[in-house]
Amino acid sequence: MKVLVPVKRVIDYNVKVRVKADGSGVDLANVKMSMNPFDEIAVEEAIRLKEKGQVEEVVAVSIGVKQAQETLRTALAMGADRAILIVAADDVHQDIEPLSVAKLLAKVVEEESPDIVLCGKQAIDNDMNATGQMLSALLGWSQAMYANEVAVEDGQAVVTREVDGGLQTVKVKLPTIISTDLRLNEPRYASLPNIMKAKKKPLEEKTAADYGVDVAPRLQVVDTKEPPARQAGEMVGSVDELVSKLKEKGVV
Amino acid sequence: MAVLLIAEISDGALAMDATAKAMTAAKALGEVTVLACGEQAADAAAEAAKLDGAAKVLCAEDAIYGHRLAEPTAALIAELARDYDHIVAPATTDAKNILPRVAALLDVMVISDVSAVIDADTFERPIYAGNAMQTVKSSDAKKVVSIRTSTFDAVAQGGAAPVETIGAAADPGLSEWVEDKMAESDRPELTSAGVVVSGGRGIGSEEDFRIVETLADKLGAAVGASRAAVDSGFAPNDWQVGQTGKVVAPELYIAVGISGAIQHLAGMKDSKIIVAINKDEEAPIFQVADYGLVADLFEAVPELTEKL
Ligand SMILES: Cc1cc2nc3c(=O)[nH]c(=O)nc-3n(C[C@H](O)[C@H](O)[C@H](O)COP(=O)(O)OP(=O)(O)OC[C@H]3O[C@@H](n4cnc5c(N)ncnc54)[C@H](O)[C@@H]3O)c2cc1C
Ligand SMILES: Nc1ncnc2c1ncn2[C@@H]1O[C@H](COP(=O)(O)O)[C@@H](O)[C@H]1O
């Protein structure tokens with residue numbers, strides 16, 4: 001079996017986000033970038049399936065600017081076998097929408113014929129939570145989003161999903177798309193020798209035009225602004241003081 | 001404009017609060033038809049018919065819509081979409097699972113977690129864990145939109161819209177439900193509760209999470225948790241509040257032993273009054289709290305429970 005893992009290069013989750021003065025978006029110049037945390041979980045899960053002997057090959061793919069190479073090298077250092085970079089933008093500020101990403105991934109799927117696409121639940125920059133579901137629709141495949149546990153057996157996957165009321169288990173036919181939630185696993189760090197080895201692993205470079213996919217956005221950004229700031233509050237000295245403040249406000 | 005609002009239904013019952021809040025956004029876009037879809041949906045359809053703003057309710061009852069599997073549900077909505085300009089749903093886990101699939105079937109972008117409707121094509125939504133608010137204008141022929149319910153009021157229920165039964169769409173037969181593990185609870189639902197008490201890693205264990213639950217029960221509150229508390233097994237996954245968990249905006253939010261990482265703040269910073277109890281006076285949660293108490297939670301929380 002083969003697993004395809006889409007990984008997105010995003011602002012590191014620890015970085016304090018700054019809105020650009022012209023309202024066009026968030027400032028990403030000279031900001032620390034990392035692999036989307038949910039995608040690290042996806043890479044880890046794919047590697048674990050390989051270590052269990054259920055999967056022969058793990059292919060990582062990223063769509064965006066040339067610098068996404070670094071993100072792919074991280075996936076390779078974690079244990080992916082090879083990588084595909086699809087250059088679809090020159091400017092780091094140009095985000096490729098989930099629909100375009102899904103269309104490009106559908107083309108990669110046609111070429112690579114994976115049994116499973118393991119993606120993240122949500123990119124922590126645009127917070128869309130859409131790509132996996134869209135890809136699944138385009139391919140006419142089953143989907144199992146927000147995975148908390150994955151078991152692959154006899155042409156199907158049994159996936160426990162994190163849902164609003166608790167957990168739901170579904171059985172999906174392969175090929176399928178699975179998206180990762182936070183509790184699926186704890187991703188490993190790449191060791192130094194593996195980082196060195198990753199430099200020699202194959203990383204193929206393509207462009208969106210190679211696949212004939214139009215990546216023009218459907219959503220035009222009108223404005224980006226800071227959220228309304230909260231009024232500064234006060235510190236209370238004791239539980240009694242807290243109780244009387246809350247009573248004053250009429251909330252208890 | 002014609003709008004199709006997907007009612008939130010679980011186990012045959014309408015989630016009134018989420019659906020009524022999404023209705024407020026839907027109504028602003030045009031005439032609203034509500035879709036009630038499930039293995040059992042007739043009761044939910046009758047409930048939805050009461051929502052102010054509902055012109056009509058479509059009821060699709062079929063075993064294939066049980067447990068709201070994404071593939072058959074999306075196929076039905078995509079088929080119905082022919083007659084509508086907007087497809088709208090409250091941004092629940094189910095809707096987030098289903099709507100992007102619908103959007104891709106229609107070859108349009110999905111617009112997730114909308115916090116304000118500017119006009120029929122233009123929507124505001126949070127990005128980067130709510131650290132920025134972005135307004136986007138869609139050039140798509142149809143708009144598929146999920147609504148962040150915490151920023152909309154619920155419509156009233158005085159209506160009596162007609163209910164029309166419709167047939168099921170073809171079943172793609174791609175997936176199968178196995179089981180649900182849903183917690184039974186008498187507490188109010190997290191996203192609609194007036195008061196939420198949340199615990200973090202500072203609580204230290206599943207047993208000690210009782211301290212938080214006892215305070216919540218005293219206040220008739222829902223219980224929430226930080227990611228760290230859920231990851232550590234102190235609390236179940238469906239209690240997680242934050243960027244990738246639930247978004248809440250109650251009258252009162254009490255954060256206990258939570259540091260206030262941006263990913264947590266993303267899910268609760270629109271609460272009316274925020275109280276933080278933390279032993280570290282430097283904890284970032286105090287920057288958003290209306291009332292901060294620097295104290296050991298194991299002393300302060302039981303004392304608070306007693307004195308309320
Ligand atoms: C992709 C991604 C998504 C995420 N999504 C979410 C999300 O949706 N929700 C979320 O919450 N987090 C999320 N996080 C995690 C987030 O970054 C933080 O790690 C998390 O919120 C920290 O939880 P915490 O505040 O409970 O733990 P900590 O940061 O460890 O804080 C514990 C606090 O407890 C206090 N404390 C300890 N003992 C006591 C005591 N006896 N009395 C009083 N105070 C005490 C400490 O002073 C400290 O401030 C996400 C992270 C990533 C990378
Ligand atoms: N540009 C991209 N390149 C590779 N994978 C992506 C890209 N955008 C989204 N994805 C994948 O889709 C998931 C969900 O992203 P989103 O739908 O944007 O929230 C991510 O976690 C990735 O696995």
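Biologist: What makes strand 13 of chain A and strand 18 of chain B a pair, and in which sense do they run?

Modeller: This is a predicted model. Strand 13 (residues 234-236) of chain A and strand 18 (residues 291-294) of chain B share 3 bridges. The rule asks for at least two, so they count as paired. The sense is parallel. Within that pairing, A:Met235 stands opposite B:Gly292.

Biologist: How do you know how much area chain B and chain A bury?

Modeller: The value is the accessible area lost when the two are put together, summed over both. For chain B and chain A that comes to about 6800 Å². Carbon and sulfur atoms carry 56% of it. On the side of chain B, B:Met109, B:Tyr128 and B:Tyr291 lose the most area to chain A. Together they give 12% of what that side buries.

Biologist: How many residues make the contact, and what kinds does chain B bring?

Modeller: Chain B gives 81 residues and chain A gives 76. The chain B side divides into 37 nonpolar, 21 polar and 23 charged residues.

Biologist: Why is the link between A:Lys103 and B:Asp107 called a salt bridge?

Modeller: The closest N and O atoms of A:Lys103 and B:Asp107 are 2.7 Å apart. The cut-off is 4 Å, from a Lys or Arg nitrogen to an Asp or Glu carboxyl oxygen, so the pair qualifies. The rule finds 7 salt bridges across the interface of chain B and chain A. It also finds 48 residue pairs in polar contact there, both residues at pLDDT 80 or more.

Biologist: What makes A:Glu112 and A:Arg82 a salt bridge, and where do they sit?

Modeller: Their side chains meet at 2.6 Å, N to O. That is within 4 Å, so the label holds. The pair links distant parts of the chain, 30 residues apart. A:Glu112 is in helix 3 (residues 98-112) of chain A, and A:Arg82 is in strand 5 (residues 82-87) of chain A. Over all chains, the structure holds 37 salt bridges.

Biologist: Now the domains of chain B. What are their bounds, and how far apart are their centres?

Modeller: The domain assignment gives domain 1 (2-165) and domain 2 (195-307). Their C-alpha centres lie 31 Å apart.

Biologist: How do you know that domain 1 of chain B and domain 2 of chain B touch?

Modeller: Contact needs heavy atoms within 4.5 Å, and 7 residues of domain 1 meet that with 8 residues of domain 2, so the two domains of chain B touch. About 580 Å² is buried between them, 52% of it from carbon and sulfur atoms. B:Ala129, B:Arg148 and B:Ser150 supply 70% of the area that domain 1 buries against domain 2.

Biologist: How many salt bridges and polar contacts join these two domains of chain B?

Modeller: The rule finds 0 salt bridges between domain 1 and domain 2 of chain B. The count of residue pairs in polar contact is 1, both residues at pLDDT 80 or more. The side of domain 1 that touches domain 2 has 2 nonpolar, 4 polar and 1 charged residues.

Biologist: Why is the bond from A:Leu174 to A:Pro175 worth a mention?

Modeller: Most peptide bonds are trans. The one from A:Leu174 to A:Pro175 is cis, with omega near -5°. A:Pro175 lies in the loop between strand 9 (166-173) and strand 10 (176-180) of chain A.

Biologist: What is the phi of A:Asn129, and where is that residue?

Modeller: Phi of A:Asn129 is near 60°, a positive value in a residue other than glycine. A:Asn129 is in the loop between strand 6 (116-120) and helix 4 (131-139) of chain A.

Definitions and conventions: Residues are numbered from 1 along each chain as its sequence is written. Chains are lettered from A and ligands numbered from 1 in the order in which they are written. Side-chain values use heavy atoms; hydrogens and water are left out. Domain bounds come from an automatic or database domain assignment. Buried area is the accessible area (1.4 Å probe) that two parts lose on being put together, summed over both. A polar contact is a pair of N or O atoms within 3.5 Å; within protein, one must be able to donate a hydrogen and the other to accept it, and residues adjacent in sequence count only if both atoms are side-chain atoms. Ala, Val, Leu, Ile, Met, Phe, Trp, Tyr, Cys and Pro count as nonpolar, Asp, Glu, Lys and Arg as charged, and the others, Gly among them, as polar. Helices (H or I, at least four residues) and strands (E, at least two) are DSSP runs, numbered from the N terminus.
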